[in-house]
Amino acid sequence: MRFLVHVVLIAAVLGLVGSARAQSDERAVEVARTWYRLTLELVRHTPTYSPPVASRSLAYLGVAAQEALAGGRPSTRSFAGQLNGLEAFPPRPDGIYDEAVVLQGALTISTRHFFSNTGPTGQRAMDAIGKRLDTLVSEGVDADVLERSLAYGQVIAGHVIEWSADDGGAVVENMGFPHDYVLTEGPQHWVPTSLIAQQQAPLLPAWGTNRTFAMPDGATCGVPPPPDYSEEKGSAFHNEAMEVYEAAKGLTPEQREIARFWSDDPMLSPTPPGHWISIALQLLEAEGADAERTVDVLGRLGIVLADSFIGCWEAKYRYDLVRPVTYIRRHIDAKWQPDLITPPFPEYPSGHSTQSGAAAIVLEDLFGATFAFEDETHVDDGLPPRHFESFREAAEEAAISRLYGGIHYRAAIENGLEQGYCIGAYTNGLVTRGAE
Amino acid sequence: MRHVVSVLFLSVGICVPVLAADGPVVPNFIEETATAGVDAVYEGDWEFMVGGGVAAFDCSEDGFADLYVAGGSAAAHFYRNVSDVGGKLRFERFEAGLELEGVTGAYPIDIDSDGITDLAVLRVGENVLMRGLGGCRFERANEAWGFDGGEAWSTALAATWERGASWPTLAVGNYIDRKEEGFPWGSCTDNWLHRPAAGANRFGTPFALKPSYCALSMLFTDWNRSGTPSLRVSNDREYYKGGQEQLWRIEPGATPSLYTPEEGWERLRIWGMGIASYDLDADGYPEYFLTSMADNKLQTLASGEDPSPRPTYADTAFAKGVTAHRPYVGDNLRPSTAWHAQFEDVNNDGLADLFVAKGNVAKMPDFAEEDPNNLLLQRPDGTFEEAGDRAGVASVEIGRGAALADLNLDGLLDLVVVNRWHTAQTWRNTGGDTGRWLQVRLEQDAPNRDALGAWIEVRCGDTVLRREVSSGGGHAGGQSGWHHFGLGDEAKGEIRVIWPDGDAGAWQDFDADGFYLLRRGAAPTAWTPG
């Protein structure tokens, strides 16, 4: 009888522990999703968040989330020692922790730091979301557990922030446009394409030298040179320009819709890296993913997006290629107007192609190569969802959308995708989960 | 020493402008904030990060423009102008019945056409129409005029008299849903069109202008000279989703409709904060300057002219030198934040210049914290050069609304700028080698006594200066009263008015350096202050 009572008591305690853990896990998922949802708005509404800058912040946020859980669960592995320059995190002091509170502590500080330059509305929103989630995660949690967990989450965030400080991308001035920049001479090289005064210099010319996360450096996945520059009709380069020109003239309604769908303009959308984070959030929610799965997906996706922008930018300024709008107006049609706004930096390779290829490779690894999905990222902006049979199909559509939009030649698209696939392999080599 | 380079300008067919040897004459502005008596501060936290307008109008019937300044979370204040002609600017705070809290801006309009200017007051909360009683006293008139002030965050206003109407139509622009704390983006609330009730001199139920995209400036303007003004709305892309700048077709008796891409309206998405308009190139069609963050826009009709232009605009800001995208004084090279904009001829050389009030939203680190106001002087070739620092108006306080108006009736346009968290600043224009001028007031029988929607044309040398009479635009504040023209060295000229119903008055002579009342159907009447 005493034995039976013990068994019942132990079962009850285990049940309570299991229930508490499950509740904490649900809260952790809510914490992660809510902060990420907010960061997509902050990316959109904070002018400095051009795609490369956004990708960096999203990557660090993902690392902080992963590390918040890694300290408490053997099944979640730390990125320390796997990512360039990331040293081991301070161990958790003894005691009981609530994982949702740890995550909340880490993401609150990380979001505030990596989106610190948002305006008054963003600051107000971070305050409001922070309070709302503080209330959520602290309900029913003992005060000492709450305090200990929150403090450790803050330690995690501090470690990530310190690590980020010398990566080359921590300080972005004038929204990334240098005050002094000397254009490279020669008709094959980039010249400003905008009538915006600020954009008479290209965006973030040194971004390709930033410290990468999972791949060795920005030049690791280099792209072959674009076709030799030529103004001669029939040359490979001229043919590529003609392809853009003809495509723009004959756009079908769906092609125009595709161009708009993947346009992802800074300050008018969550940008291309935010678009892929948005896709991941939709999939995780539909799947009902737990906290470990959620931070794993968001962490790896953030890392590969950041690496892909560093790699792409390294190549962009290596080749410094003229944009289609410049070439076509000079040599084909002086009044030509592309469907999309031409981004203010060199053409080759295509950033959206590189990062979409990279994202697809990583999401394939996480969800499967034939995972079909709906992308509702732009519903609030009046663009209907699009269906894809696989991540690669989505990446390929994102890539070709730049040709439809008149802002990239085919070589930039195809080689950009290949560059992304290469970069993605490094992230797929990270070990994020293990046996409990 | 005045340097006149007349040959060049006669060859391009404009007034003979006054021009310094090295460019436009830079007028001298002397700051008189400490003594002028306008001590208003635009206060408040997040809900008052936009707004901060000033209304300039004469309610004391002495010809001098009085001021009503938004106070944000503090009470708004009215200031009676007690300046002497040509003297220092002097204002006295006066209890006018306008001391409301939560005011973001105001526009003067004679709503009931009784010859006394009324005031449309925009607020965080209920908007209020204040009926002018004379002697600069006002009373609430929402109930008497059937005006539903709503309960929104109102930030823009424009007024017109639709064809045949005996009562005005007001468009009110509203901002975000202020109750949304965590995710306010995409929460733009509806703008309203307050049209007259059928057959009555009062407003009907307001019409929601859907979609609305967080308007910060609105202007009724006859962009295509059709005789029917359309409603331009400049929207803040910070908060809308799927939005853009808008042009509403407002036809009498018809449901408002947006101009579409098929009709030529091209999508433009900016942090729209203010609208200024002027026919800069003397082609009969207004240009529009749109304030934003970083680069600002100057739109010129690009679709051809008569007989029926399409609403397609080219951005000429870069070419004309008015991007005004970053500070031009100090070491801070971060992008600027622009609010009120106004075209006026501050050096009386016959060329409209451009003033832009600048100021950080509030500790936005991506943008300049010390952001000087711009005074962009137009050159004869249509480009502009920055002269804010040389003129003395390059304040780096946190500017919002402003008014360029001749506050001491000496023919030179003075300046008042409303600042967030800082006392409004007042500058007196003391001129220099400036040119001659003309100021006129329009008057017609009721309704629409101030002739909103009219066009004033001044024949100056070989060209015609042309401006549209409107109530709206800028940032959260407007003006009524004198309409000013610089004339360069021209001692005489001709003027006519194309009245709101399209009736073009006769060309009539005037002498420079004077004020005239232009009453419909009558000869210009010279007016002298005092």
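**How chain A meets chain B**

Across the interface of chain A and chain B, 13 residue pairs are in polar contact, both partners at pLDDT 80 or more. A polar contact here is a pair of N or O atoms within 3.5 Å; within protein, one must be able to donate a hydrogen and the other to accept it, and residues adjacent in sequence count only if both atoms are side-chain atoms. This is a predicted model, where local features need pLDDT of at least 70, side-chain atom pairs count only at pLDDT 80 or more, and totals for chains, interfaces and linings use all residues. Residues are numbered from 1 along each chain as its sequence is written, chains are lettered from A in the order in which they are written, and side-chain values use heavy atoms, leaving out hydrogens and water.

**Who touches whom**
- On chain A, α1 (2-45) and α4 (120-138) each bring at least two residues to the side that touches chain B (helices are DSSP runs of H or I, at least four residues, numbered from the N terminus).
- α4(A) gives the largest share of that side, 8 residues.
- In contact (heavy atoms within 4.5 Å) are 37 residues of chain A and 35 residues of chain B.

**Salt bridges**
- The interface holds 4 salt bridges, meaning a side-chain nitrogen of Lys or Arg within 4 Å of a carboxyl oxygen of Asp or Glu.
- D380(A) and K241(B) pair up in a salt bridge at 3.9 Å, N to O.

**Confidence**
- The predictor scores the complex at ipTM 0.87 and pTM 0.92.
- Chain B averages a pLDDT of 94 (the predictor's confidence in each residue, from 0 to 100).
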